[in-house]
Amino acid sequence: MRYFGWVLILFLSGCGENLTQKNHIIIGESKPIQSTFTPKEARLKLSYEKPYLLFFFTKTCGACKEAIPYLNELAQKYQGQIEVIGILGGSSRSDDDITFLKKYNVTFKVISEPQSSEYFSKAVGGVYGVPLFAFFSEDGKEMKRFLGLVPKSLLEETAKTILPN
(Lines give C-alpha, C1' and ligand atoms only; values in the text may rest on other atoms or scores of the structure.)
Protein backbone atom coordinates (compact mmCIF):
# COMPACT_ATOMS: atom_id res chain seq x y z
CA MET A 1 0.00 0.00 0.00
CA ARG A 2 2.87 2.37 0.84
CA TYR A 3 4.39 1.66 -2.61
CA PHE A 4 1.11 2.55 -4.33
CA GLY A 5 0.98 5.86 -2.41
CA TRP A 6 4.46 6.87 -3.60
CA VAL A 7 3.67 5.94 -7.19
CA LEU A 8 0.50 8.05 -7.03
CA ILE A 9 2.39 11.03 -5.53
CA LEU A 10 5.13 10.82 -8.17
CA PHE A 11 2.56 10.52 -10.96
CA LEU A 12 0.52 13.50 -9.77
CA SER A 13 3.57 15.68 -9.17
CA GLY A 14 4.76 14.93 -12.71
CA CYS A 15 1.36 15.92 -14.09
CA GLY A 16 1.58 19.43 -12.64
CA GLU A 17 3.48 20.68 -15.67
CA ASN A 18 0.99 19.23 -18.20
CA LEU A 19 3.45 19.66 -21.04
CA THR A 20 2.00 18.40 -24.32
CA GLN A 21 4.20 18.10 -27.41
CA LYS A 22 2.83 17.30 -30.85
CA ASN A 23 3.80 17.33 -34.50
CA HIS A 24 1.37 18.75 -37.04
CA ILE A 25 1.36 18.08 -40.77
CA ILE A 26 1.25 21.13 -43.02
CA ILE A 27 -0.54 20.62 -46.33
CA GLY A 28 1.99 20.51 -49.16
CA GLU A 29 5.10 20.45 -46.96
CA SER A 30 7.28 17.59 -45.80
CA LYS A 31 8.44 19.09 -42.49
CA PRO A 32 5.83 19.19 -39.70
CA ILE A 33 5.31 21.98 -37.17
CA GLN A 34 6.21 20.97 -33.64
CA SER A 35 4.20 22.47 -30.82
CA THR A 36 4.50 22.48 -27.05
CA PHE A 37 1.46 23.44 -25.03
CA THR A 38 1.82 24.27 -21.34
CA PRO A 39 -1.66 24.91 -19.89
CA LYS A 40 -0.30 26.03 -16.51
CA GLU A 41 1.47 28.94 -18.22
CA ALA A 42 -1.09 29.28 -21.04
CA ARG A 43 1.68 28.98 -23.64
CA LEU A 44 1.55 27.40 -27.07
CA LYS A 45 5.10 27.41 -28.37
CA LEU A 46 5.84 26.43 -31.96
CA SER A 47 9.10 25.21 -33.48
CA TYR A 48 9.42 28.39 -35.58
CA GLU A 49 10.58 30.48 -32.60
CA LYS A 50 8.98 33.63 -33.98
CA PRO A 51 5.62 35.33 -33.49
CA TYR A 52 2.71 33.73 -35.27
CA LEU A 53 -0.95 34.07 -36.17
CA LEU A 54 -3.35 31.14 -36.00
CA PHE A 55 -6.29 31.57 -38.37
CA PHE A 56 -9.16 29.17 -37.60
CA PHE A 57 -11.49 28.72 -40.56
CA THR A 58 -13.75 26.32 -42.45
CA LYS A 59 -14.41 25.72 -46.13
CA THR A 60 -18.07 26.77 -45.80
CA CYS A 61 -17.43 30.11 -44.06
CA GLY A 62 -17.91 33.10 -46.38
CA ALA A 63 -16.14 35.56 -44.05
CA CYS A 64 -13.20 33.14 -43.83
CA LYS A 65 -12.89 33.11 -47.62
CA GLU A 66 -12.90 36.92 -47.62
CA ALA A 67 -10.03 36.99 -45.12
CA ILE A 68 -7.75 34.72 -47.18
CA PRO A 69 -6.33 37.47 -49.46
CA TYR A 70 -5.56 39.64 -46.38
CA LEU A 71 -3.71 36.78 -44.75
CA ASN A 72 -1.80 35.97 -47.95
CA GLU A 73 -0.62 39.61 -48.01
CA LEU A 74 0.24 39.56 -44.30
CA ALA A 75 2.24 36.33 -44.69
CA GLN A 76 4.12 37.81 -47.64
CA LYS A 77 4.79 41.18 -46.00
CA TYR A 78 6.10 39.66 -42.74
CA GLN A 79 7.79 36.62 -44.26
CA GLY A 80 10.57 35.48 -41.94
CA GLN A 81 9.24 37.62 -39.07
CA ILE A 82 5.72 36.30 -38.42
CA GLU A 83 4.32 32.90 -39.35
CA VAL A 84 0.72 32.76 -40.58
CA ILE A 85 -0.83 29.33 -40.01
CA GLY A 86 -4.36 28.37 -41.00
CA ILE A 87 -6.20 25.74 -38.97
CA LEU A 88 -8.86 24.28 -41.26
CA GLY A 89 -11.68 22.85 -39.18
CA GLY A 90 -14.26 20.33 -40.28
CA SER A 91 -11.89 18.62 -42.66
CA SER A 92 -12.61 15.10 -43.84
CA ARG A 93 -10.39 14.50 -46.88
CA SER A 94 -7.06 16.08 -47.66
CA ASP A 95 -7.74 15.95 -51.43
CA ASP A 96 -10.77 18.20 -50.89
CA ASP A 97 -8.67 20.47 -48.70
CA ILE A 98 -5.98 20.84 -51.38
CA THR A 99 -8.63 21.62 -54.00
CA PHE A 100 -10.14 24.28 -51.72
CA LEU A 101 -6.73 25.87 -50.98
CA LYS A 102 -5.90 26.04 -54.69
CA LYS A 103 -9.32 27.45 -55.58
CA TYR A 104 -8.94 30.29 -53.06
CA ASN A 105 -5.21 30.76 -53.77
CA VAL A 106 -4.13 30.17 -50.14
CA THR A 107 -0.39 30.79 -49.88
CA PHE A 108 0.09 30.63 -46.09
CA LYS A 109 0.66 27.36 -44.20
CA VAL A 110 -2.45 25.27 -43.46
CA ILE A 111 -3.06 22.37 -41.09
CA SER A 112 -6.25 20.37 -41.66
CA GLU A 113 -5.73 17.09 -39.82
CA PRO A 114 -8.71 16.69 -37.42
CA GLN A 115 -6.51 15.77 -34.42
CA SER A 116 -4.36 18.86 -34.94
CA SER A 117 -7.40 21.11 -35.42
CA GLU A 118 -8.82 19.83 -32.14
CA TYR A 119 -5.44 20.25 -30.39
CA PHE A 120 -5.06 23.89 -31.46
CA SER A 121 -8.70 24.62 -30.65
CA LYS A 122 -8.24 23.32 -27.11
CA ALA A 123 -4.92 25.14 -26.74
CA VAL A 124 -6.61 28.50 -27.41
CA GLY A 125 -9.45 27.73 -25.01
CA GLY A 126 -11.94 26.65 -27.65
CA VAL A 127 -13.12 28.01 -30.98
CA TYR A 128 -16.73 29.14 -30.78
CA GLY A 129 -16.98 30.72 -34.21
CA VAL A 130 -14.97 31.42 -37.33
CA PRO A 131 -13.04 33.16 -38.60
CA LEU A 132 -10.90 33.37 -35.47
CA PHE A 133 -7.56 35.17 -35.55
CA ALA A 134 -5.23 34.47 -32.59
CA PHE A 135 -1.91 36.33 -32.43
CA PHE A 136 0.96 34.86 -30.39
CA SER A 137 4.35 36.16 -29.28
CA GLU A 138 7.48 34.18 -30.12
CA ASP A 139 7.41 32.56 -26.66
CA GLY A 140 3.87 31.24 -27.26
CA LYS A 141 1.81 33.70 -25.21
CA GLU A 142 -1.48 34.72 -26.81
CA MET A 143 -1.40 38.47 -27.34
CA LYS A 144 -4.66 39.27 -29.13
CA ARG A 145 -7.67 37.52 -30.61
CA PHE A 146 -10.43 38.54 -32.99
CA LEU A 147 -13.61 36.64 -33.81
CA GLY A 148 -15.31 37.40 -37.10
CA LEU A 149 -14.13 39.26 -40.16
CA VAL A 150 -11.98 42.23 -39.18
CA PRO A 151 -10.47 44.99 -41.32
CA LYS A 152 -7.14 44.26 -42.97
CA SER A 153 -5.70 47.34 -41.22
CA LEU A 154 -6.51 45.86 -37.79
CA LEU A 155 -4.72 42.61 -38.65
CA GLU A 156 -1.72 44.58 -39.89
CA GLU A 157 -1.68 46.81 -36.80
CA THR A 158 -1.83 43.78 -34.50
CA ALA A 159 0.92 42.01 -36.44
CA LYS A 160 3.23 44.96 -35.81
CA THR A 161 2.60 44.77 -32.05
CA ILE A 162 3.80 41.14 -31.81
CA LEU A 163 7.07 41.71 -33.63
CA PRO A 164 10.08 41.37 -31.31
CA ASN A 165 11.85 44.63 -30.49
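1. The outward face of α3 comes first. Thr99, Lys102 and Lys103 are exposed and sit on the face of α3 turned away from its buried side. Exposed means over 50% relative accessible area, buried under 20% (1.4 Å probe, protein chains only). Helices are DSSP runs of H or I, at least four residues, and strands are E runs, at least two, numbered from the N terminus.

2. The model is predicted: local features need pLDDT of at least 70, side-chain atom pairs count only at pLDDT 80 or more, and totals for chains, interfaces and linings use all residues. Residues are numbered from 1 along each chain as its sequence is written, and side-chain values use heavy atoms, with hydrogens and water left out.

3. Now the buried side. Helix α3 spans residues 94–103, with Asp97, Phe100 and Leu101 buried. They lie on the same side of α3, because they cover an arc of only 95° around the axis. That arc is taken from the directions from the helix axis to the C-beta atoms.

4. The buried residues of α3 pack against β4 (52–57), α2, β5 and β6 (109–111). Contact here means heavy atoms within 4.5 Å.

5. Check the backbone just after α3. Asparagine 105 has a positive phi of about 55° there.

6. The lining of the largest pocket includes Lys50, Asn72, Glu83 and Phe108. Elements giving two or more residues to this lining are α2 (62–77) and β5 (83–88). The largest share, 3 residues, is from α2.

Technical notes: On a 1 Å grid over the protein atoms alone, a cavity is a set of points where a 1.4 Å probe fits but cannot get out, and a pocket is an open set with protein on both sides within 12 Å along at least five of seven lines; lining residues have an atom within 4 Å of a point.
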